[in-house]
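Please keep the viewer open and follow the stops of this tour in order.

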Number of protein chains: 2
Amino acid sequence: MLRLGFDIGGTSVRACALDDERMEILRVETRPFPAGGGWDGLANLMGEMGRLVGAPLGLTPKDFRLVGVGVPGTVKRDTGVLLSACNLHVDMMPIADMMRERFPSADVAVANDADAAALAEYHAGAFRGYDSALLITIGTGLGGGLIVDDRLFLGGRKVGCELGHITLQQGGPMCACGSRGCAESLCSASWLLRQGRHAALGYPMSSIATRAENDPMNVTAKLVVDCAREGDGIARQIFDEYVENLASLISTCGYLIGPRIIGLGGGVSNAGAFLIEPLTERVRARARKYMPEKIVAAELGESAGTIGAAMLP
Amino acid sequence: MLRLGFDIGGTSVRACALDDERMEILRVETRPFPAGGGWDGLANLMGEMGRLVGAPLGLTPKDFRLVGVGVPGTVKRDTGVLLSACNLHVDMMPIADMMRERFPSADVAVANDADAAALAEYHAGAFRGYDSALLITIGTGLGGGLIVDDRLFLGGRKVGCELGHITLQQGGPMCACGSRGCAESLCSASWLLRQGRHAALGYPMSSIATRAENDPMNVTAKLVVDCAREGDGIARQIFDEYVENLASLISTCGYLIGPRIIGLGGGVSNAGAFLIEPLTERVRARARKYMPEKIVAAELGESAGTIGAAMLP
């Protein structure tokens, strides 16, 4: 069947038409996030993008029967209301209702973007063949999407799970949310970046400092991982600590929820086996029989959001 | 309908006959855990207890159609195999099969005892009217049972959730499992006991020390809570830290799973409002919209295990 998926990001909106029998993307459109215009501006843009995606396929918005939206925020799944989204500066946005106006014959569903990405990996990527799975999306922040019993897990509150603010280290580093030692403050790429910048300042002889030309602003999370891979002592120490942080996160999720496979998404997952091998070893030592069968890199990259959104309804 | 529930403990086995329409316990039998005799000795005892519970009701073991067993260990729910139980010193015990031999007409189900207790609170106790709930059983160790969508949550591995060994404080106190900073090492009654004993040694003028007659072996978790309630500075400090530890555990579960209500079981929950009020306040500050609607003391006490076991099938 033909499906329409939207991935709303902080700077752009992507739409795709998806054939769910072959799991094939037929058309993609990307537009910058509309400046001004508020909710209606965004909804109008999405209606227009649906028209643009559909036209070459001989379809009008009325022909779309399944429309899904992924959004970087907390979504009440049964009502399709976006409860909050820091980066979009909106609260209580009734996205499902807005979409039904533009796509009147459609079955509409809305979810958090990491949930959508997890669903995409389940249908078409790293999670194929697993009935339970957790995707951890590692970027400036930290997100997660969880599959249990072949379905997106909604939890007791019907908003899915929120990995970013579970406590891994009481009294640990301050998180943007106001608590200390949250998963986001210890496992995001920002943690690597912050540690790398400190190292560039504090250890001018380290490869991190030299490769950043002694300017901490030139440090990236990737640079830290690259230096660790090349054997720089300071970078290695930072990377080891990062692996330990991620192992705490994964073993906690293993004990509480028991997903059979864990996927890592975002730039950090490009570290590949260099990250995944020591991580698997540490999680195994920690979580034992609650250990996931496999930890892998996610496969679908930036397409995951739209594919998963399209598969929501 | 008439149901039979067993609660296997480290020192005793309880059986009850339950009328599930009125949620009324009709008969209870308790026997010491059989010394020697292995699995068969235990299974024979349970068969015999079923006979004893049934006889005054005019029933033979063959008449029981629904038989459930709660056990202090990790249970694979779909097969009814006890995978491991530290306190019973057994591994891979096929409890469901053993029960089917003794109760040949019965639909048999086996679960972790904290899962069974959560199910009891859902049907007959503190969780009535909630479709999602988490029971935290606080004793020497720490256990948990989780209801999501009006059913026991089995998770990806079909063994339920294991609260005790999620990481709350990387690098924190050593846990019996070999990791550091596990929930069990920070939130069990043993934590209160340990801190209380240290205080009795280190602060001979504190009420903890004087009420324990300066013998750390006289300290109990309850004594620490009592001294905190009476305003002793050292006890208060320990109790505050304990509340913080529990708040980390509950907010982590809130973010990951979102249960609408949290119940505290075990002796510590007798502290009542003195514990629950500051705990609720801290969890609210931390977990915000992932905050459970309510934190309460569990209601069913030691009956929870057998009632919940009986409700499993």
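Select B:Cys227, which lies in helix H7 of chain B. The model shown is a predicted one. Is B:Cys227 buried or exposed? B:Cys227 counts as buried because 26 other C-beta atoms lie within 10 Å, and the cut-off for a buried residue is 20 or more. Setting aside neighbours within four places in sequence, display the contacts of B:Cys227: they are B:Ser207, B:Ile208, B:Arg211, B:Asp232 and B:Ala235. B:Leu2 and B:Cys227 are 225 residues apart along the chain, and their C-alpha atoms are separated by 46 Å.

Next, select B:Val224. Which residues does B:Val224 touch, not counting those up to four places away in sequence? They are B:Leu192, B:Gln195, B:Gly196, B:Ile208, B:Val219, B:Ala235, B:Ile238 and B:Phe239. B:Val224 also belongs to the largest nonpolar core, which has 224 residues. The members that touch the most other members of this core are A:Ala118, A:Ile208, A:Val224, B:Ala118, B:Ile208 and B:Val224. As a general background, nonpolar side chains tend to be buried together in soluble globular proteins.

Move to B:Asn214, in the loop between helix H6 (207-211) and helix H7 (221-229) of chain B. B:Asn214 counts as exposed because it has 12 C-beta neighbours inside 10 Å. The phi angle of B:Asn214 is near 60°, a positive value in a residue other than glycine.

A second residue of this kind is B:Met92, in strand E7 (residues 90-93) of chain B. Phi of B:Met92 is near 50°, which is positive although the residue is not glycine. With 9 other C-beta atoms within 10 Å, B:Met92 is exposed.

Now select strand E10 (residues 142-148) of chain B. How many of the seven residues of this strand are buried? Seven of the seven are buried, so E10(B) is largely enclosed by the rest of the structure. Turn the view to inspect both faces of E10(B), which are covered. On one side are the buried residues B:Leu142, B:Gly144, B:Leu146 and B:Val148, and on the other are B:Gly143, B:Gly145 and B:Ile147, also buried.

Strand E9 (residues 133-138) of chain B pairs with E10(B) in the antiparallel sense over six bridges, and a hairpin of three residues joins E9(B) to E10(B). Within this pair, B:Leu135 stands opposite B:Gly145. Strand E11 (residues 151-152) of chain B is joined to E10(B) by two bridges, and these strands also run antiparallel. Here B:Ile147 stands opposite B:Leu152. The hairpin formed by E10(B) and E11(B) has two residues between the strands, and B:Asp149 in the turn has a positive phi of about 55°.

For the last stop in chain B, select B:Ile262, in strand E12 (residues 261-265). B:Ile262 is buried because 28 other C-beta atoms lie within 10 Å. Leaving aside neighbours within four places in sequence, B:Ile262 is in contact with B:Leu134, B:Ile136, B:Ile250, B:Pro292 and B:Ile295. B:Phe127 is 135 residues from B:Ile262 in sequence, but 8.4 Å away in space, C-alpha to C-alpha.

Finally, select chain A, which has ten helices and 13 strands. The radius of gyration of chain A is 20 Å, close to the 20 Å that the globule rule gives for 313 residues, so chain A is as compact as a globular protein of that length. Buried residues make up 56% of the 313 residues in chain A.

Within chain A, colour the open sheet of five strands in the order E3-E2-E1-E4-E8, whose pairing is mixed. Its edge strands are E3 (24-32) and E8 (107-112), each pairing on one side only. Strand E4 (residues 66-71) of chain A runs parallel to E8(A), with six bridges joining them, and A:Gly68 stands opposite A:Ala109 in E8(A). Helix H10 (residues 304-311) of chain A packs on the sheet, touching E1, E2, E3 and E4 of chain A. Helix H2 (residues 95-102) of chain A lies across E4 and E8 of chain A, running at about 145° to E8(A).

Conventions. Residues are numbered from 1 along each chain as its sequence is written. Chains are lettered from A and ligands numbered from 1 in the order in which they are written. This is a predicted model: local features need pLDDT of at least 70, side-chain atom pairs count only at pLDDT 80 or more; totals for chains, interfaces and linings use all residues. Helices (H or I, at least four residues) and strands (E, at least two) are DSSP runs, numbered from the N terminus. The radius of gyration is taken over C-alpha atoms; the globule rule is 2.2 Å times the number of residues to the power 0.38. Two residues are in contact if their C-beta atoms, placed from the backbone, lie within 7 Å. Two strands pair if DSSP finds at least two bridges between them. Axes are lines fitted to C-alpha atoms, for helices over the stretch in contact, and angles run from 0 to 180 degrees between N-to-C directions. A nonpolar core is a set of buried Ala, Val, Leu, Ile, Met, Phe, Trp, Tyr and Cys residues joined through C-beta atoms within 7 Å.
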